[in-house]
Amino acid sequence: MIRVTSSQRGEPIFHLRSGDSSYVFTVFHGYLLHLYCGAQISDDDVEYLLVRIGHDSVVPRPADTYQEDKWFSLDVATQEYPTNGSGDFRKSALAVRLMEKDGRTSALAGTSTTSLRYESYEIVKGKPTVDAQPAVYAGEDEAETLILTCKDPASGVTFKLYYTAFRDFSAICRRAVIENTSREQLPLDVLQAYSASVDFTSIEPQPELLHLWGNWGDERHIERSPIGHNTVSISSKRGASSHHHNPFAALVTKNTTETSGLAVGISLIYSGNFEIAADTDSFGTTRLMAGINPVDFTWRLEPGESFVTPEAVLSISEEGLGKMSRTFHKLYREHLCRGAWKDKTRPVLVNNWEATYFNFDDEKLLAIAKEAADCGIEMLVMDDGWFGLRNSDTTSLGDWFVNEDKIRCGMKKLVEQVNALGLKFGIWFEPEMVSPVSELYKAHPEWCLHIEGRDKSIARDQYVLDMTRQDVRDYLFDSMAKVLSSANIEYVKWDFNRNLTEVGSAWLPAERRGEIFHRFVLGTYELLERLLTAFPHILLEGCSSGGGRYDPAMLYYSPQYWTSDDTDAMERLEIQLGTSMVYPASSMSCHVSDCPNHQTGRNTSFRTRGHVAMGGAFGYELDLTKLTDEEKALIRQQVQEYHRYYDVINRGDLYRLILPTDTVNSKCGKCASWMYVSEDKSEALVTFVVIRTSVKPIYFLKLQGLDPKAQYIDEESGAVYYGDTLMKAGLNLCKRYTDGESVVIHLVKKQ
Ligand code: GLA
């Protein structure tokens with residue numbers, strides 16, 4: 001997977017062959033220079049690809065290379081991990097600053113010029129655990145990791161760069177570690193430390209940054225922004241990865257499609273403030289980088305301490321976006337998600353949120369559970385409102401004890417009765433929050449994030465707890481553990497319903513307050529890990545007002561995530577297909593909800609709602625006690641169908657066939673279509689939804705991913721087609737549909 005050869009100068013060239021991709025870089029007078037990232041190539045020494053150009057008056061040359069190579073400049077060279085202030089004027093990945101202490105100083109103190117020079121390398125089998133942050137994992141024969149040790153010659157500070165290449169995935173994992181080994185034993189401030197930076201030469205005909213933007217109830221819409229000679233960047237300063245931008249982007253060309261062209265996705269395994277940026281310099285090199293947002297960030301390292309960046313994952317495809325996504329899906333499903341539920345079939349659940357909101361008691365929950373059992377549903381989830389005095393969203397967050405006015409029989413009894421009906425039981429928490437009207441806030445007003453002397457902004461009537469504090473985390477662990485061990489609770493929905501403001505923390509000294517955003521995220525990770533260690537059987541579902549923290553780091557703890565608070569099937573099409581750019585179907589929690597839909601007022605047939613919700617971890621979110629017999633019969637049928645298709649949906653390969661945005665104003669109205677194909681290509685499930693119908697209902701749907709030479713039977717009609725016919729000529733779906741009508745076709749390979 002990783003081959004190291006020697007350049008003519010005797011410096012190493014690193015060729016990482018990962019899956020069917022190549023990633024090559026070299027050492028040039030100690031500088032790490034990027035050479036190639038794309039489909040696999042045979043040569044190792046591709047140093048001829050180095051960019052050497054530029055006019056002396058605008059392009060500085062490093063002192064130590066000038067005599068030998070007058071044309072070499074960091075400002076035009078393609079770099080692996082560009083640093084600030086030493087000759088590359090483009091965006092830097094790294095900047096650190098030595099500080100003074102106790103009257104001790106250095107000529108370097110207070111300056112942020114940083115230089116990174118290669119010293120040595122090591123290759124280890126598999127993927128070492130660097131620290132406790134979420135990261136991809138791999139067995140010894142599945143991956144190799146290259147660890148480069150570099151130094152800043154003037155200060156003696158050490159930088160370690162980690163690169164993992166995989167046997168079976170066209171992906172590279174990267175991260176950096178900064179160790180304060182400063183010669184003068186001074187403190188060091190990390191000002192910015194991105195996880196990865198990659199320089200691409202000649203992205204033709206025009207580089208674009210594909211990214212996922214959104215808002216509450218409207219997450220992860222696909223947008224492609226041309227990358228001109230300016231920085232195109234997406235970011236979060238919200239303390240969460242956010243509804244607004246997902247920590248993912250792909251470098252594509254103007255001509256990249258689902259099935260062709262370059263698509264290098266970069267996905268950051270991080271739940272806090274991030275930035276992903278791209279720009280093209282005046283010589284045509286496009287730099288793509290991802291990491292912690294340097295805004296509101298500094299990290300103090302005392303001598304001997306180190307800082308580890310989150311991990312960034314590159315998925316490299318020259319066969320379009322579909323392949324890039326499938327690499328992410330499988331890698332995240334198999335090498336990021338963990339725990340008891342990683343491979344286990346997830347239960348079909350009913351959640352009472354849209355059924356009752358805060359207005360429920362034990363009897364109402366049991367009535368829903370009875371209907372659920374009758375319909376074949378496998379778990380009841382008791383959402384917000386079961387604790388403290390919580391009858392609306394204005395009180396009680398933090399008071400994690402049962403409201404016995406509502407759950408009169410007590411938690412244990414309630415769960416026993418639900419279990420007796422044959423259902424599992426799940427519960428909602430929002431651990432990182434506190435309501436100003438709560439016992440917790442009364443006892444510990446200092447436990448929320450705040451800055452003395454400033455007013456605290458309020459959102460959804462709540463404040464955010466200071467997760468950087470050990471006492472806060474201990475309180476949360478103890479109070480949650482008490483509930484979780486009081487009854488047979490098998491699932492937790494972990495919510496996070498507001499963003500961070502006035503980010504201060506009284507216990508940290510001024511020089512460490514730039515650490516609070518990142519420490520908050522690390523504190524949350526620690527609590528998640530502690531709870532999962534104590535309750536390893538629990539299925540965790542992440543949530544943040546829907547998908548406001550739907551990121552790879554959360555998937556490390558919770559193999560499924562509530563995709564969006566918008567449960568309207570038509571709206572969900574764009575949201576789910578956007579989410580599928582990075583995240584596997586098995587992680588996307590999707591529920592059939594009531595009509596008219598609570599968020600949009602739209603009516604969509606029960607059948608279509610089911611077809612769309614089967615795009616991920618399937619469930620219901622409506623009052624089962626109010627349904628007609630006919631609707632309940634449909635639920636029974638849908639649950640059975642979901643079980644039948646479970647493997648192909650959750651473990652198969654996804655192909656996006658039609659994005660709703662592709663068809664606006666086209667001849668066939670507006671529609672969406674996707675399909676899953678099992679890994680051995682023995683079955684496929686195609687979903688086609690007409691969002692807005694047309695007078696010219698011409699739909700020839702070309703499938704993907706099938707075995708071209710195999711014959712497939714359409715289970716419902718009995719028609720038999722060769723795979724190549726279905727992929728080249730397509731299925732004939734021409735018929736007049738009503739708005740919101742959908743079709744699901746199950747194809748099975750003929751023996
Ligand atoms: C958030 C979640 C919802 C629900 C409510 C409860 O908005 O996204 O699914 O749990 O909180 O308050």
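Arg 338 is partly exposed in this predicted model, with a relative accessible area of 22%. Its salt-bridge partner is Glu 529, and the closest N and O atoms of the two are 3.3 Å apart. The pair connects distant parts of the chain, 191 residues apart: Arg 338 sits in the loop between α1 (320-335) and β21 (349-351), and Glu 529 in helix α7 (residues 516-534). Glu 529 is also partly exposed, at 29% relative accessible area.

**Salt bridges**

- Salt bridges with shared partners bring Asp 88, Arg 90, Asp 199, Asp 281 and Arg 287 together in one network.
- Arg 175 and Asp 131 meet through their side chains in a salt bridge, with an N to O distance of 3.5 Å.
- Strand β9 (residues 171-179) contains Arg 175, while Asp 131 belongs to the loop between β6 (117-125) and β7 (143-151), so the bridge ties together parts 44 residues apart in sequence.
- Arg 9 forms a salt bridge with Glu 47, in which the closest N and O atoms are 2.9 Å apart.
- This pair links distant parts of the chain, 38 residues apart, with Arg 9 in the loop between β1 (2-6) and β2 (12-18) and Glu 47 in the loop between β4 (31-39) and β5 (94-98).
- Glu 47 counts as buried because its relative accessibility of 12% is under 20%, while Arg 9 is partly exposed at 29%.

- Glu 11 lies in the loop between β1 and β2 and counts as buried at 16% relative accessibility.
- The side chains of Glu 11 and Arg 9 are joined by a polar contact of 2.7 Å.
- When residues up to four places away in sequence are not counted, Glu 11 touches Thr 5, Ser 6, Val 27, Phe 28, His 29 and Gly 30.
- Cys 734 is placed in the loop between β37 (731-732) and β38 (742-749), and its relative accessibility of 33% makes it partly exposed.
- Apart from neighbours within four places in sequence, Cys 734 is in contact with Pro 697, Ile 698, Tyr 699 and Phe 700.
- The C-alpha atoms of Cys 734 and Phe 700 are 6.9 Å apart in space, and the residues are 34 apart in sequence.

**Largest pocket**

- The largest pocket contains about 500 Å³ of space.
- Its lining comprises 25 residues, of which Leu 657, Ile 658, Leu 659, Asp 662 and Thr 663 are the closest to the centre.
- At least two lining residues each come from β12 (221-226), β31 (653-658) and β34 (700-701), and β31 gives the most, with 3 residues.
- The lining of the largest pocket has 14 nonpolar, 5 polar and 6 charged residues.

**Second largest pocket**

- About 370 Å³ of space lies in the second largest pocket.
- Of its 19 lining residues, Asp 131, Ala 132, Gln 133, Leu 522 and Gly 523 lie nearest the centre; Asp 131 is also the salt-bridge partner of Arg 175.
- The elements that give two or more residues to this lining are β19 (306-308) and α7.
- Helix α7 supplies the largest share, 7 residues, and also holds Glu 529.
- By class, the lining of the second largest pocket has 9 nonpolar, 5 polar and 5 charged residues.

Conventions. Residues are numbered from 1 along each chain as its sequence is written. This is a predicted model: local features need pLDDT of at least 70, side-chain atom pairs count only at pLDDT 80 or more; totals for chains, interfaces and linings use all residues. Side-chain values use heavy atoms; hydrogens and water are left out. A salt bridge is a side-chain nitrogen of Lys or Arg within 4 Å of a carboxyl oxygen of Asp or Glu. Helices (H or I, at least four residues) and strands (E, at least two) are DSSP runs, numbered from the N terminus. Buried means under 20% relative accessible area, exposed over 50%, partly exposed in between (1.4 Å probe, protein chains only). A polar contact is a pair of N or O atoms within 3.5 Å; within protein, one must be able to donate a hydrogen and the other to accept it, and residues adjacent in sequence count only if both atoms are side-chain atoms. Contact means heavy atoms within 4.5 Å. On a 1 Å grid over the protein atoms alone, a cavity is a set of points where a 1.4 Å probe fits but cannot get out, and a pocket is an open set with protein on both sides within 12 Å along at least five of seven lines; lining residues have an atom within 4 Å of a point. Grid points are joined across faces, edges and corners, and a volume is the space filled by probe spheres set on the points. Ala, Val, Leu, Ile, Met, Phe, Trp, Tyr, Cys and Pro count as nonpolar, Asp, Glu, Lys and Arg as charged, and the others, Gly among them, as polar.
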